[in-house]
Amino acid sequence: MCDCEVSWNGWYRLFFDGQSVQMPDTCVDQDSCGTHAPLWLNRGHPTVEDGVVTRDVCGHYDNDCCAFQSNPIKVKACPGDYYVYEFVKPSFCYLAYCADVRNINITYTISTSAIEMTSVAITSADPCNNYNDLNDSWRATNNQYPSEIMCDCEVSWNGWYRLYFDGQSVQMPDTCVDQDSCGTHAPLWLNGGHPTVEDGVVTRDVCGHWSNNCCYFHSNPIKVKACPGNYYVYEFVKPDFCSLAYCADVRNTNTTYTTVTPETMLTT
């Protein structure tokens, strides 16, 4: 889950299984709270006498309890021994606010049902002849500091893709790409280089450039194949976070942009 997708509005009190709970104010295990980077309250809860306070929010990822420093929130301690929080959208996906249930009694009932497995012989088509065209111009490596930030977590990826830009076949960059390019915040590039035709289908790591670190984000690996005719196809999958997006390398391609500046009328 990702709390970037929630339309937060006002103050919230946390409940679990009918019991009033609070946000954790110590580090929470990665990949808990239904998300990748669980959000916890840094610097502790206030007292009733403190009134409304502002607290930093941390997300645990990559063995760093505060790898993600999300947007601060307001917190208030209420008479009756509970807290309310003015939640806001986190900085990235996948981050979500936690409800601390470590000190309450929980009983889980897990039921299993028999699943009939059927063995099916599948003949997969060659992805060099069975791919989707991906020709989003905003993916270009020279599309820097865009006004609209794109995220490939929102795409329903299905199968293999060949990249195009302005009618020309292009490939993913396999060297670091400038942050805030390719129409997104953390542009994704192929780590480990492209294969040869003889290599067949290979699996490659995908890196996202952020915070002056070319591989700050280790996104989900993808499959790649070099095809006769000097092009590549990629089996794209959803990245781990927003805002990350796959790049189309146009650094060796001739591109021409036409910019139109509309007239602006000011009305007082």
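Buried means under 20% relative accessible area, exposed means over 50%, and partly exposed lies in between, with a 1.4 Å probe and protein chains only. The model is predicted, so local features need pLDDT of at least 70 and side-chain atom pairs count only at pLDDT 80 or more, while totals for chains, interfaces and linings use all residues. Residues are numbered from 1 along each chain as its sequence is written, and side-chain values use heavy atoms, with hydrogens and water left out.

**Exercise 1. Work out which cysteine Cys58 is joined to, and describe the handedness and the burial of the pair.**

Step 1. A disulfide is a pair of cysteine sulfur atoms within 2.5 Å, and the structure holds nine disulfides. One of them joins Cys58 to Cys66, with an S to S distance of 1.9 Å.

Step 2. The torsion about the S-S bond of Cys58 and Cys66 is about -60°, and therefore this disulfide is left-handed.

Step 3. Cys58, at 1% relative accessibility, counts as buried, whereas Cys66 has a relative accessible area of 22% and is partly exposed.

**Exercise 2. Describe the disulfide between Cys128 and Cys227, and locate both partners along the chain.**

Step 1. The sulfur atoms of Cys128 and Cys227 are 2.0 Å apart, which joins the two residues in a disulfide. With a torsion of about -90° about the S-S bond, the disulfide of Cys128 and Cys227 is left-handed.

Step 2. Cys128 lies in the loop between strand 7 (95-97) and strand 8 (132-134), and Cys227 lies in strand 13 (residues 213-227), so the pair ties together parts that are 99 residues apart in sequence. Strands (E, at least two residues) are DSSP runs, numbered from the N terminus.

Step 3. Cys128 is buried at a relative accessible area of 4%, and Cys227 counts as buried at 2%.

**Exercise 3. Carry out the analysis for Cys151 and Cys242, and then decide what the sulfur of Cys4 does.**

Step 1. A disulfide joins Cys151 to Cys242, with an S to S distance of 1.7 Å. The torsion about the S-S bond of Cys151 and Cys242 is about -90°, so this disulfide is left-handed.

Step 2. The pair links distant parts of the chain, 91 residues apart, with Cys151 in the loop between strand 8 and strand 9 (161-165) and Cys242 in the loop between strand 14 (231-235) and strand 15 (244-246).

Step 3. Cys151 is buried, with a relative accessible area of 6%, and Cys242 is buried, with a relative accessible area of 10%.

Step 4. For Cys4, the closest cysteine sulfur belongs to Cys93 and lies 3.7 Å away, which is too far for a bond.

Conventions
Helices (H or I, at least four residues) and strands (E, at least two) are DSSP runs, numbered from the N terminus.
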